[in-house]
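Subject: Structure handover

Hi,

Here is the structure I promised to pass on. Have a look at it first, and then read my notes on the charged side chains below.

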Amino acid sequence: MAALAPLARITRWGTSICKSHRIILNRSCPTRGIASSIDPSHGLTDEQKEFQKVAFDFAANEMAPHMAEWDQKEIFPVETLRKAAQLGFGGIYVQPDVGGSGLSRLDTSVIFEALSTGCVSTTAYISIHNMCAWMIDTFGNNEQRDKYCPDLCAMEKFASYCLTEPGSGSDAASLLTTARRNGDHYILNGSKAFISGGGDTDVYVVMCRTGGKGPKGISCVVVEKGSPGLSFGKKESKLGWNSQPTRAVIFEDCAVPVSNRLGEEGQGFNIAMKGLNGGRINVASCSLGAAHASLLLAREHLLVRKQFGETLSNNQYLQFRLAEMATKLVASRLMVREAAKALQEGRSDAVSLCSMAKLFATDECFSICNQALQMYGGYGYLKDYPVQQFVRDIRAHQILEGTNEVMRMIISRNLLSES
């Protein structure tokens, strides 16, 4: 793929713990001898293996050495994000004519899984940014695509997705942010909550109410940073996902040109849901990366840590738990990749499969990371070791892009509505 140039090697290593994490991640690259049973390159084409390797290398060299620092100091790593964009990761499934890489949903999942081994939080933001760029590319007109997508794909500008409100999380169709038409502008009033990148990003893809109650009254507009009446709440203090800022986004008589609307009035909820179908695959893929890295770290620990005169790897109970972790990882990966294919092909079962994949993968991958921490014992609870950060970062994945309870609702409704 032309957009994915070879990575330059870096010489900075960071702390000894980060160095160990980096070495283990380098071993996890499919070309470097990872146990074949959990090899993430199984079933991929040669081209997919190539950009998977690029993503693994980027994760090991550019992300893993800084993962702890970004978390502890709450750094939004703009320059690293722009380096990722130089490899084509700023608009992975955006069309090439506006600067995207034009890859498939499966390709995207492979890339996000690999990147997430280096830093879940940063990769999760990249996935949200990609979703926003795709929404503009897919539902915007040519003028909007040409205006926004090139800068987003290059990550010269960053994007945020604005659906959730203080009073409407899972019940997204009840959102209250209004957009009143006034000539050639909409006047927005309301607020959005838990917005990744809020205050630091440049482009906000906002769901707002232009009509009556319910989903048919919702439209989608692009609001640019600096618009009069746009402001932000305090930076939230979070359990994880600390390399991306989270703030409320506030609209007080915020004037936005009607020309910034994506699609037609009343189409916004449909746009939001289509974005989230892909978002669920993306966040599930980030969970896979965290689980893959945590499994490798746990395996390494069992091989070197001694108790009762022998390494933990000789303890049959821990052997069985490691086997369970590997089984959950591979099962999750297969489910996520099947859902990604269904979404790409526009299959009728795509929505349910995306929900199943998000539910299963985020639950099981959290279980893998949590078990890895347990295998580390007291060391796993120290911030000197990366496994605790994977646990903290991945916990959000069971909540966002639709809670896992909502995923169960979507799946069951589909099952009960079939004749």
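Lys 328 is partly exposed in this predicted model, with a relative accessible area of 25%. Its side chain forms a salt bridge with Glu 364, and the closest N and O atoms are 3.7 Å apart. This pair links distant parts of the chain: Lys 328 sits in helix α9 (residues 316-345) and Glu 364 in helix α10 (residues 350-376), 36 residues apart.

Shared partners turn up as well: Glu 338, Glu 345, Arg 347 and Asp 349 are joined into one network by salt bridges. Over the whole structure, the search finds 21 salt bridges.

Another one for you to look at is the pair Asp 200 and Arg 247, whose side chains meet at 2.8 Å, N to O. Arg 247 has a relative accessibility of 17%, and it counts as buried because the cut-off is under 20%.

Finally, Lys 234 pairs with Glu 236 in a salt bridge, with 3.0 Å between the closest N and O atoms. Lys 234 is exposed, at 59% relative accessibility, whereas Glu 236 is partly exposed, with a relative accessible area of 27%.

Happy to go through any of this with you.

Best wishes

How values were computed
Residues numbered from 1 in each chain as written. Predicted model: local features only at pLDDT ≥ 70, side-chain atom pairs only at ≥ 80, totals over all residues. Heavy atoms only, no water. Salt bridge = Lys/Arg side-chain N within 4 Å of Asp/Glu carboxyl O. Buried < 20%, exposed > 50% of the residue type's maximum accessible area, 1.4 Å probe, protein only. Helix = DSSP H or I, 4+ residues; strand = E, 2+ residues; numbered from the N terminus.
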